[in-house]
Amino acid sequence: MSWATSDGVRRSMLANRRRDTKPEVAIRRILHARGLRFRVDYRVLLTSRTRADIAFTRWKVAIFVDGCFWHGCPIHATQPKRNSGYWTPKLARNVERDAQASALLRQNDWTVLRYWEHEDPEDVADDIERVIRARQA
């Protein structure tokens with residue numbers, strides 16, 4: 001028997017990706033077209049399991065593109081109605097882990113940029129490029 005409560009839930013959970021999500025790929029495509037080179041799904045610190053979606057290692061800039069459901073977007077986050085006893089603490093822990101990871105990276109002199117999946121990729125790329133170009137100068 002599967003760990004999922006139904007075949008639909010199982011298919012949905014298996015379809016969730018850790019990397020190369022549509023918003024990430026859209027942002028990376030724009031950054032690359034602008035001549036910026038970066039690492040993808042990069043383990044920023046060896047002492048931490050945290051992996052940046054996009055990392056500019058030379059300038060110590062870590063970028064995360066957070067999913068609205070998984071990371072508690074204030075605009076789009078929803079609370080599951082089924083099995084809420086499991087999901088509510090799990091989603092809250094994700095938000096807590098994000099804050100801890102950002103704090104740890106900042107303590108190690110990294111600039112942390114976090115964006116939501118619903119943000120316009122062009123606007124996100126503009127912001128990232130501004131930060132990187134400022135570091136290059």
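Two strands count as paired if DSSP finds at least two bridges between them. Helices (H or I, at least four residues) and strands (E, at least two) are DSSP runs, numbered from the N terminus. The model is predicted: local features need pLDDT of at least 70, and side-chain atom pairs count only at pLDDT 80 or more, while totals for chains, interfaces and linings use all residues. Residues are numbered from 1 along each chain as its sequence is written, and side-chain values use heavy atoms, with hydrogens and water left out.

**View 1. Strand 2 pairs with strand 1.** Strand 1 covers residues 39-43. The two strands run antiparallel and share 4 bridges. Across this pairing, Tyr42 faces Ala52 of strand 2.

**View 2. Strand 2 turns back into strand 3.** Strand 3 spans residues 61-66 and is antiparallel to strand 2, with 3 bridges between them. Phe56 lies opposite Val61 in strand 3. The pair forms a hairpin with 4 residues between the strands. In the turn, Lys60 has a positive phi of about 50°.

**View 3. Ile54 sits in strand 2.** Strand 2 runs over residues 51-56. Of its 6 residues, 5 are buried (under 20% relative accessible area; exposed is over 50%, partly exposed in between; 1.4 Å probe, protein chains only). Ile54 is buried, at a relative accessible area of 0%. Leaving out residues up to four places away in sequence, Ile54 touches Ile27, Arg28, Leu31, Phe38, Arg39, Val61, Ala62 and Ile63 (contact: heavy atoms within 4.5 Å). Ile54 and Leu113 are 59 residues apart in sequence, with 9.7 Å from C-alpha to C-alpha.

**View 4. Helix 2 crosses helix 5.** Helix 2 supplies Ala26, Ile27, Ile30 and Leu31 to the contact. Helix 5 supplies Pro121, Glu122, Val124, Ala125 and Ile128.

View 5. The chain has 5 helices and 4 strands. Their order along the sequence is α-α-β-β-β-α-α-β-α. Among contacts with a separation of 6 or more, 54% join residues 24 or more positions apart.
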